[in-house]
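This report covers a pocket and its lining, a strand sheet, and a database annotation.

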Amino acid sequence: MTVEATFSWPTRVYWEDTDAGGVVYHAQYLAFLERARTEWMRAQGYGQELLRREYDLVFAVRAMQLDFLKPARLDDALAVTAELSECRRASAVFVQEIRRGDVLLLTAQVRVAALDAGGFRPRAIPSPLLDELKALERPR
């Protein structure tokens, strides 16, 4: 594997991410979390296009648990983490956080399902990828 099990992706809050008061709109946090998981997979050598093209595989969010602790605001520099806590044959669970410096703003647990790219039906994660992901698990 090419990166540590805990991955951090930096981002900044732009005007388009906020409501009229300059506070990040709640749904925008989902985009931040998604991008961090995507970049985590890319850092492992498995970008989404490669997974789709070579493995006929996509991941889709199945369930989320979010805890909004403090708001992010316009122009904040954020760190969005992604850590794999569980990997099963056809799903994975990520534990994620969004921080502004040392301040924890949001915690999330995200379950993704493995689907075939053509029909969006559940499928097993291919063995080589599954083995690599299992090696990065950090059970909680």
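## Pocket lining

By class, 13 nonpolar, two polar and four charged residues line the largest pocket of this predicted model. Ala, Val, Leu, Ile, Met, Phe, Trp, Tyr, Cys and Pro count as nonpolar, Asp, Glu, Lys and Arg as charged, and the others, Gly among them, as polar. The volume of the largest pocket is about 290 Å³. Of its 19 lining residues, Glu34, Thr38, Met41, Gln48 and Phe59 are the closest to the centre. Two or more lining residues come from each of α1 (28-43), α2 (48-55), β2 (57-68) and β4 (91-100), and β2 gives the most, with five.

A pocket is an open set of points on a 1 Å grid over the protein atoms alone, where a 1.4 Å probe fits, with protein on both sides within 12 Å along at least five of seven lines; lining residues have an atom within 4 Å of a point. Points are joined across faces, edges and corners, and the volume is the space filled by probe spheres set on them.

## Sheet

Five strands form an open sheet in the order β1-β3-β4-β5-β2, with antiparallel pairing. β1 (6-12) and β2 are at the edges with a single partner strand each, so one side of each has no neighbour in the sheet.

β3 (residues 77-87) pairs with β4 over eight bridges; pairing requires at least two DSSP bridges. Val80 is opposite Ile98 in β4. Helices (H or I, at least four residues) and strands (E, at least two) are DSSP runs, numbered from the N terminus.

## Annotation and basis

UniProt, in an unreviewed entry, places "domain: Thioesterase" at residues 21-103; such annotations may be inferred rather than shown by experiment.

Residues are numbered from 1 along each chain as its sequence is written, and side-chain values use heavy atoms, without hydrogens and water. In this predicted model, local features need pLDDT of at least 70 and side-chain atom pairs count only at pLDDT 80 or more, while totals for chains, interfaces and linings use all residues.
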